[in-house]
Amino acid sequence: MPVPAVDLFSDTKTRPTAAMRAVMAAAEVGDERAGEDPTVRALEERGAALLGKDAALYLPSGTMCNEIALAVHCRPGEAVLCEAGAHIVGFEAGGAGALAGVMLEPIAGHRGMFDAGQLGVHLRQDNLQAPLQRLVSVENTTNLGGGAVWPLQQLRAVAAAAHAAGLVTHMDGARLLNAMVAHGVSAADFAQDYDSVWIDFSKGLGAPGGALLAGTHTFIREARRWQLRIGGAMRQGGIIAAACHYALDHHMARLAEDHVRARRLAAGLAQVPGLTVDPAAVETNLVYFGITAPQWDARTLAAAALAHGVRLCPMGVRRVRAVTHLDVDDDGIAQALRVLARLLHGRP
Ligand SMILES: *Cc1c(COP(=O)(O)O)cnc(C)c1O
């Protein structure tokens, strides 16, 4: 497929910049599986500090961070509480069941979040007939929830309620750095009461891959066992890890630009007859909008926009997602708005 001029499908569509590729080419490397890759080791130390945890483990993907965390925290047959739209529910090919053997107990929250009261409704006394509840998992920012950032107090209250009930806590921080930049709260503060947390490098940070899972020394030691078990250990991983170092140095603060562009996109979409969006709900880089024009649905609109160089992500019959990132500039946002306004004016 040719690269669309404006690719708003996902922040995973970023390509490594020339400067990032230069750093990758020059990376010092070793056998990562044997703990001998200096670039990976340095990234793990850096990640542990950034996330405020004892230790971190560099893994190929965020999905693997989630699945390994579930497997380390839980035994088969135990239950994980999470929001109904969570990535672990709908986007990891059933890994929670297939790998960790856990039951997912979804909570119907708001914008991908829930509060301590809602969690409390789902918590139960130990009961031999029901799955033993072991873990509460949250997503910050929320993906299907529209890139919402958890208020710090709410996050802490949920963790406190979970811990009081004897459960452990996990944070899917695929876009935690977006939350950090948007709210001016450090990643470590967001993650403070969470027993494990991870960040992704392949989303807005613009690296070609990799994610860092962090927690206690004991947790990370067991996570490393799972990494070896499922073939997630690499050899000269420093080549990709170098891109992650580069991303932390150069692509973190600039996430704020993506947020500004997302808000501008939402404000523009709100002016297009036949589309609905709540610009006030756009806190980070994800923009979800609805289609009310009867002649269009998400698939036909996305196909028509693509023919004009603008790629969107259909997320439902009449729901579309547009994501801003490193490779979308101001002109790209203007082009997307122009194309959509023209399309909505006409028919498929
Ligand atoms: C993308 C994403 C993941 C998975 O990360 P990958 O690196 O793509 O495997 C998990 N959780 C959320 C919220 C995500 O957006």
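Helix H3 and strand E7 each supply at least two residues to the lining of the largest pocket. The ligand sits in this pocket. This is a predicted model: local features need pLDDT of at least 70, side-chain atom pairs count only at pLDDT 80 or more, and totals for chains, interfaces and linings use all residues. Residues are numbered from 1 along each chain as its sequence is written, and side-chain values use heavy atoms, with hydrogens and water left out.

**Terms for the voids and elements**

- The search runs on a 1 Å grid over the protein atoms alone. A cavity is a set of points where a 1.4 Å probe fits but cannot get out. A pocket is an open set with protein on both sides within 12 Å along at least five of seven lines. Lining residues have an atom within 4 Å of a point.
- Grid points are joined across faces, edges and corners, and a volume is the space filled by probe spheres set on the points.
- Helices (H or I, at least four residues) and strands (E, at least two) are DSSP runs, numbered from the N terminus.

**Largest pocket**

- The largest pocket holds about 300 Å³ of space. Of its 23 lining residues, His87, Asn143, Arg175, Lys203 and Arg321 are the closest to its centre.
- H3 provides the largest share of this lining, three residues.
- The lining has seven nonpolar, nine polar and seven charged residues. Here Ala, Val, Leu, Ile, Met, Phe, Trp, Tyr, Cys and Pro count as nonpolar, Asp, Glu, Lys and Arg as charged, and the others, Gly among them, as polar.
- The ligand is placed in this pocket under the rule that more than half of a molecule's atoms lie within 2 Å of the grid points.

**Ligand shell**

- The ligand is surrounded by 15 residues, where a residue is near if one of its heavy atoms lies within 4 Å. The closest are Gly62, Thr63, Asp172, Asp200 and Lys203.
- Helix H3 (62-73) and strand E7 (196-200) are the elements that give two or more residues to the shell. H3 gives the most, with three.
- By class, the shell has two nonpolar, seven polar and six charged residues.

- Thr63 places a polar side-chain atom 2.6 Å from a ligand oxygen atom.
- Asp172 has a polar side-chain atom 2.6 Å from a ligand nitrogen atom.
- An N or O atom in the side chain of Lys203 is 2.9 Å from an oxygen atom of the ligand.
- On its own the ligand has 380 Å² of accessible area, and the protein covers 88% of it. Accessible areas come from the Shrake-Rupley method with a 1.4 Å probe; for residues, only the protein chains shown count as cover.

**Cavities**

- The whole structure contains two cavities of 30 Å³ or more.
- The largest cavity has a volume of about 100 Å³. It is lined by 16 residues, and Glu83, Gly85, Ala86, Gly112 and Glu139 are the closest to its centre.
- Strand E3 (79-83) and strand E5 (133-139) are the elements giving two or more residues to that lining. E5 gives the most, with three.
- Seven nonpolar, six polar and three charged residues make up the lining of the largest cavity.
- The second largest cavity has a volume of about 60 Å³. Its lining includes Arg175, Asp200, Lys203 and Leu255.
- Helix H8 (176-183) and E7 each supply at least two residues of this second lining. H8 has the largest share, three residues.

**Backbone features**

- The peptide bond from Asn140 to Thr141 is cis, with omega near 0°. Thr141 lies in the loop between E5 and helix H7 (152-164).
- Ala93 has phi near 55°, a positive value in a residue other than glycine. Ala93 belongs to the loop between helix H4 (87-90) and helix H5 (95-100).

Technical notes. Polar contact = N/O pair within 3.5 Å; in protein donor to acceptor, adjacent residues only side chain to side chain.
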